[in-house]
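Student: Before we look at any detail, could you show me the structure and take me through how its features should be read?

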Amino acid sequence: MTEMLNPFRIAQRELDHAAEKLGLDDATHELLRWPMHELKVTMPVKMDDGSTKIFHGFRIQYNTARGPAKGGIRWHPDETIDTVRALAAWMTWKTSVVDIPLGGGKGGVICNPKELTDTEKERLARAYVRAVGRTLGVTRDVPAPDVYTTPQIMGWMMDEYETLTGEHHPGVITGKPIPIGGSQGRGDATARGGIYVVREAANALNIDLKDATMTIQGFGNAGQHAARIGRDLLGMKLLAASDSKGGVYNPKGIDVEALIEHKISTGQVGGFPDTDAITNEALLELDTAVLFPAALENVITAKNASEIRCTILCELANGPTTPEADEILYEKNVFVLPDFLANAGGVTVSYLEQVQNTYNLYWNLEEIRWRLKDTMRSAFASVFEMSRNTDVHMRDAAYLVAVARVAEACKLRGWV
Amino acid sequence: MEEDLQQLIKAYRMYQKMMRYPHLAEAMRKIFLSVLSEKISLDEEQIREDALKALQKEKIEPSEDNIHEYMDAMVDLEVVNHFGEEEIDQYINLARKEDRLEKLIKVVNTEGVTSLRIKKALRDFCEIPEGNTFVSPSEAEGVRVALIHHFISNQLPFKGIAKNHITIRDIDEIVEHSYWSPRYPGRIGGKAAGLVLAHRIILPRLMERDPELERYLAIPESYYFNSGIFSDFMDYNNLQGFHTHKYKNRKDIEEAYKKIPAIMEKATFPSDTVDTFRRFLAEVGEHPLILRSSSFLEDNVGHAFSGKYDSVFIANSGTPEERLEEFIGGLKSVLMSTFGPAPILYRKERNLLDFDERMSVLAQKVVGRRFGDYFFPFAAGVAFSFNAYTWSSRINQDDGLIRLVFGLGTRAVDRVGTDYPRMIPVSHPLLRPEVGVSQIRKYSQKKVDVFDVEKKRLERMAFLDLIRKIDHPDLHLAISVNQDGNLAAPMFKGQKIDLNRSCLTFQNFLTKTPFLSAMKKILEKLENAYGRPVDVEFAVDDGKLFLLQCRTLSLRKELEPVTLPENIPKDQILFINSRGVTNALVKDIEYLVYVDPRAYNRITGYTEKAEIGHVVGEVNRFLDGKRYALFGPGRWGSNDINLGVKVGYPDINKTLIIGEIAFEENGSTPEPSFGTHFFNDLVEADIIPIAIYPDQQGMFIDEKLLLTAENRLAKELPEHARHASVVHLIHVPAATNGTLLHIYQNAKEQKGMGIFAPRS
């Protein structure tokens with residue numbers, strides 16, 4: 001992997017940029033450039049055929065100044081420690097920008113889940129918890145599902161942790177199935193958080209979103225929820241939506257429920273009645289109030305950024321905009337709600353799951369939603385204020401808010 | 001005293017039974033003698049001595065007649081004394097069977113004998129209870145072969161296998177379910193023969209039986225309309241000329257075929273044949289039928305003919321005359337397909353044109369149940385005893401592969417474009433290339449084929465629409481439900497299910513029913529009996545597995561063995577690959593598109609890397625209609641641009657081959673694994689994936705040739721000229737003195753190669 005594309009180097013560069021803008025002192029800057037705690041583990045796992053396979057994994061607690069580490073566990077054949085480090089850093093900024101009392105962490109196991117049976121996955125999940133269990137706990141580090149890990153895997157991991165400790169600790173891990181301590185509202189949390197910040201942005205920018213158009217690239221889980229919630233909460237109409245096979249477009253608006261139904265039954269949005277076909281590229285360039293890139297990384301690049309004609313760009317996917325494109329969008333006055341703010345609804349509801357587990361008291365959907373709304377609203381306010389005060393675009397502003405909060409916590413603890 | 005009376009009554013009854021067949025008394029006593037000798041060591045000499053002594057005692061002259069009379073009586077008495085009534089019946093019946101068998105042998109070996117005479121002799125033999133005493137194996141084998149030849153198939157390889165499994169009584173059952181013309185002999189054809197044989201291999205009458213299979217496997221109700229009916233039909237309507245159409249050229253065959261429907265429409269069956277159809281329809285009742293082609297050549301060992309001839313669904317409902325009309329229409333459609341261009345060209349390619357192909361029809365009750373207007377089985381599909389879809393090295397190819405769908409199996413047999421049957425490697429049934437809820441939902445079956453009984457035609461319905469309309473009692477076996485990212489099968493039947501969040505995974509069906517273990521045994525038994533890989537079509541309904549068809553060659557061409565060329569000079573080899581090889585033979589490739597992995601890796605900017613994917617898409621469109629192969633770094637279609645060129649399916653859909661090249665760099669080899677995110681797309685589109693690890697032993701790619709051959713990118717697509725250092729567009733004949741690229745892939749040997757040779 002070249003240095004340019006090493007994710008951890010990218011994460012460090014982003015921090016360097018924020019540190020410079022904030023005028024962080026050298027020690028704090030250096031502290032925040034590195035994970036505080038790294039654990040590399042080797043796990044023997046018995047396979048179904050009786051053989052033993054050795055797996056390697058990581059758990060990184062990047063920074064815990066603001067609270068216990070929080071971050072998912074990835075199972076991927078190409079997992080590297082640098083990817084996990086970078087993602088742990090991003091989790092630190094994400095929990096900070098939405099101001100929940102957690103730090104950032106990430107874990108990973110080098111494995112190919114496509115080549116593991118369910119029973120092997122269970123043994124691997126339990127082996128991982130036995131290997132890193134001493135550093136986990138509701139007061140230390142709370143994992144969650146991530147790439148190729150599922151609520152079921154979280155359930156096995158929680159069970160193994162409880163077996164080790166001999167006590168109930170449902171809050172040791174989030175994203176569990178609801179019957180064993182999972183939270184209501186997790187299914188649409190990311191999209192809902194995104195819509196809440198869109199609403200805040202519209203208020204701040206004085207835009208009336210009622211009957212305004214929204215365009216969704218990536219009509220998967222998050223995209224579908226965004227369309228539904230955008231319609232219900234903001235009164236927006238769906239102008240266009242796409243998936244990997246192409247998109248559909250109707251300037252008069254598309255029936256969201258019918259499109260979801262069509263997508264579920266046919267596997268694609270293409271061919272939906274009363275719409276015109278549109279390519280993914282052309283869809284991004286539509287004149288629309290809100291554009292939600294909700295699927296892939298790096299879809300808005302230096303090449304097409306100047307053609308983007310939305311008013312608000314809400315990044316439900318991770319990293320849909322390249323850094324070069326960011327500058328162009330800022331020049332064009334496209335208001336970007338950066339990924340780690342716009343899609344922080346997921347981690348916020350994870351936090352709420354952890355709180356409910358600790359209380360041993362479970363909230364209904366309404367309660368989850370108003371807490372999520374409050375969190376997203378104040379997160380937006382902080383970032384927007386920072387953007388206006390320091391005259392930087394929203395992504396930089398989000399970094400500044402997040403890094404400043406972590407730096408402050410380090411300072412108050414007397415670490416620096 | 002009482003005991004004596006009982007023995008007397010027993011002897012009396014035995015004698016009564018024997019005297020029903022006086023001409024067989026001698027044969028019966030012969031059998032008695034042999035069992036007395038075998039079971040109580042009482043031989044003929046001893047009995048003769050005893051008879052002589054008795055005659056002497058009674059002072060009767062020991063003439064031969066008297067001795068025989070005494071001996072017969074003594075044999076009878078010994079039998080009564082030593083054996084039970086049931087056993088005695090078996091011996092009497094054995095004599096009868098041997099007698100009838102002798103007659104049957106005579107009949108089946110008489111030149112020009114009519115089917116009716118054989119049928120009668122066969123019935124005479126089979127009406128004797130089977131019991132557990134058997135006629136001579138060699139004589140029985142001779143009769144079996146002769147009967148198979150007469151009624152089932154005249155193909156030698158088939159007869160060679162079938163005689164070991166199909167019994168005389170099986171043929172009697174077939175004949176009982178057969179319909180034929182009084183004027184013409186005929187056979188039941190390859191497909192019907194394959195099915196009968198498969199059932200007997202799996203559920204043998206004589207060899208070791210398997211209780212699990214006997215419980216779970218059911219035989220679909222089948223009827224055979226033999227080829228004589230159709231020969232009669234052709235002659236009756238003066239259509240004999242159709243049989244010579246096959247010698248015309250392709251265009252003329254196609255032209256002639258267009259005229260056939262109108263001719264067939266007018267043609268009629270002789271009135272006695274129509275009466276036969278009426279009788280048949282009255283017997284089966286109103287139940288949807290599938291009329292399957294079963295020609296002589298079809299499904300025989302060596303030539304699959306899959307999908308070449310038609311199979312027709314009929315609703316078989318309404319008034320008797322409506323049903324008759326629909327049935328006759330269906331038969332004509334199947335018969336018509338004998339003269340279609342596809343089977344004739346298929347035969348031409350395989351040197352089978354001169355064979356006098358004749359059509360029979362296998363009529364089966366469609367497996368399934370009716371829900372509202374829709375009739376379909378719970379599940380159906382195709383199973384292969386050899387698995388060419390090995391996307392993981394953990395999968396054992398020899399354990400086979402199952403393609404499973406909800407509803408009618410037409411969805412599994414046909415390539416279905418954007419829909420996905422459940423692909424099950426039998427060695428690791430729950431392993432699947434998709435991980436995560438959205439992937440699994442994306443690659444799950446979305447549409448279901450059903451038979452609409454009211455509209456009398458096949459319908460393709462969205463799965464969710466269908467199950468909302470009906471209440472299927474086995475739905476819990478087929479689906480999994482996504483509850484906030486947790487995709488799980490229902491815990492129990494009757495559990496409340498949110499259909500909007502469900503998709504077809506067959507999780508419970510695969511883990512909680514005998515299906516997998518039964519199918520594994522079935523594939524193993526069939527492959528062992530045939531001595532080569534087989535594929536079977538099946539349906540599952542109401543807790544039973546129905547075998548619908550069995551053949552030795554697959555409809556998936558990658559199962560047909562490909563022989564790799566030998567002794568090819570190195571300068572004529574483009575590549576050699578030896579991992580994850582699937583069977584394929586792709587010839588006459590004119591263009592090569594090569595994305596140089598090293599040059600690609602040197603690109604540092606994201607935008608620039610993404611641009612390469614765009615160029616590949618443009619080249620793909622440019623080469624539409626040309627035969628081309630695409631090679632490039634790592635994983636095609638990956639979301640991570642560092643792992644491979646970022647392309648979507650439309651960017652590569654015109655290529656015949658998609659090659660993934662992984663050079664070792666910095667001591668590690670990326671695992672291309674066919675970019676399994678869209679491997680299903682490739683499988684469905686017939687694009688052959690090839691993985692090449694040039695730095696590993698035994699693998700190779702001629703990088704020098706690819707980099708030094710004339711690159712036509714700038715010339716053909718000048719707007720992309722600046723990418724010519726990464727994307728190479730090579731015209732193969734120009735680069736290799738007029739040859740083309742030919743690709744051979746052999747899954748069994750896990751070896752493949754691409755070579756340059758003249759046009760095939």
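This is a predicted model: local features need pLDDT of at least 70, side-chain atom pairs count only at pLDDT 80 or more; totals for chains, interfaces and linings use all residues.

Tutor: Residues are numbered from 1 along each chain as its sequence is written, and chains are lettered from A and ligands numbered from 1 in the order in which they are written.

Student: What are the domains of chain B, and how many helices and strands does chain B have?

Tutor: Domain bounds come from an automatic or database domain assignment, and for chain B this gives domain 1 (2-83), domain 2 (177-365), domain 3 (369-555) and domain 4 (561-757). The centres of domain 1 and domain 3 of chain B, taken over C-alpha atoms, are separated by 64 Å, and the C-alpha trace of chain B spans about 125 × 65 × 65 Å along its principal axes. Helices (H or I, at least four residues) and strands (E, at least two) are DSSP runs numbered from the N terminus; chain B has 29 helices and 28 strands.

Student: How many residues does each chain bring to the contact between chain A and chain B?

Tutor: Two residues are in contact if their C-beta atoms, placed from the backbone, lie within 7 Å, and here the contact takes 32 residues from chain B and 36 residues from chain A. On the side of chain B that touches chain A, helix H18 (437-442), helix H19 (463-469), strand E15 (486-488) and helix H24 (606-622) each supply at least two residues.

Student: Which residues are buried in helix H9 of chain B?

Tutor: A residue is buried if 20 or more other C-beta atoms, placed from the backbone, lie within 10 Å of its own, exposed if 12 or fewer, and partly exposed in between. In chain B, buried residues make up 45% of the 760 residues, and in helix H9 (residues 168-176) of chain B they include B:Ile168, B:Asp170, B:Ile171, B:Ile174 and B:Val175. These residues lie on the same side of H9(B), because they cover an arc of only 155 degrees around the axis, the arc being that of the directions from the helix axis to the C-beta atoms.

Student: Which elements do the buried residues of H9(B) pack against?

Tutor: They pack against helix H6 (115-126), helix H7 (137-152), strand E1 (178-179), helix H10 (190-202) and strand E3 (222-225) of chain B.
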